[in-house]
Amino acid sequence: MGRFRTSAFSRLAFTVAFAFSSLVLGIGADAGVQWCESDPVFLVNGALVDVTTAFPASYMSTLKGAVAYEVLVPSNAIATVVSLPAAVPTTATISKVLPATGLLSLGVPVVVKVTVKASASFDTKTQVTGTYLWLSSTAYGKSNVTTQVKYTLIGL
């Protein structure tokens, strides 16, 4: 009575095998594409913010200048660029143009703008992660179009 019947066990084994193979195939879906990344790190009110923009490496030669990052923060926030990647030409600026917030400890709104200028059109993916993020944010974009990622730093 406590044993699986053969058909129930077969179904369970098939389900587990199918789920595992789907997971493995899903992870390697982009394996055929070589990616190039630009990965600057910022410090906003004591929280590290890592911004990663990826695009197919085959388009590296089409870049027209540096990958440009602009981080918009409230006028009463403290922000700086911590590091810029060496593999991809990158520029980064911080603009204190968002309205000042009364209690920065309740949340700091941040907007990241990324522009990849190139002579070709291709897809980009920008991901923002770091300490004290409400959510890790990802945005998909295109070269020659500014991509914006909005999020809130909490618990500072």
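How much accessible surface does the chain have, and what share of that surface belongs to carbon and sulfur atoms? The accessible surface comes to about 9300 Å², and 62% of it belongs to carbon and sulfur atoms. Areas come from the Shrake-Rupley method with a 1.4 Å probe, and for residues only the protein chains shown count as cover. This is a predicted model: local features need pLDDT of at least 70, side-chain atom pairs count only at pLDDT 80 or more, and totals for chains, interfaces and linings use all residues. Residues are numbered from 1 along each chain as its sequence is written, and side-chain values use heavy atoms, with hydrogens and water left out.

Start with the chain. It has 156 residues, and 33% of them count as buried (under 20% relative accessible area; exposed is over 50%, partly exposed in between; 1.4 Å probe, protein chains only). One helix and ten strands are present. These are DSSP runs, helices being H or I with at least four residues and strands E with at least two, numbered from the N terminus. Among contacts with a separation of 6 or more, 59% join residues 24 or more positions apart; contact means heavy atoms within 4.5 Å.

Four strands form an open sheet in the order 6-4-7-10, with mixed pairing. Two strands pair if DSSP finds at least two bridges between them. Strand 6 (90-98) and strand 10 (147-153) are the edges; each has a single partner strand, so one side of each lacks a neighbour in the sheet. Strands 4 and 6 run parallel and are joined by seven bridges. Y69 stands opposite A92 in strand 6.

Next, the aromatic rings. A pair of rings is described by the distance of the centres and the angle of the planes. Rings of Phe, Tyr and Trp (its six-membered ring) pair if their centres lie within 6.5 Å; planes under 30 degrees apart are stacked, over 60 edge-to-face, the rest tilted. The whole structure holds two such pairs. F55 and F122 have ring centres 5.5 Å apart and planes at 40°, so this pair is tilted. F55 sits in strand 3 (residues 47-56), and F122 in the loop between strand 7 (108-115) and strand 8 (123-130), 67 residues apart. Y59 and F122 have centres 4.7 Å apart and planes at 20°, so they are stacked. Y59 lies in the loop between strand 3 and strand 4 (67-74), so its pairing with F122 ties together parts 63 residues apart in sequence.

Is F122 buried or exposed? At 3% relative accessibility, F122 counts as buried. F55 is buried too. Y59, at 28%, counts as partly exposed. F55, Y59 and F122 form one aromatic cluster.
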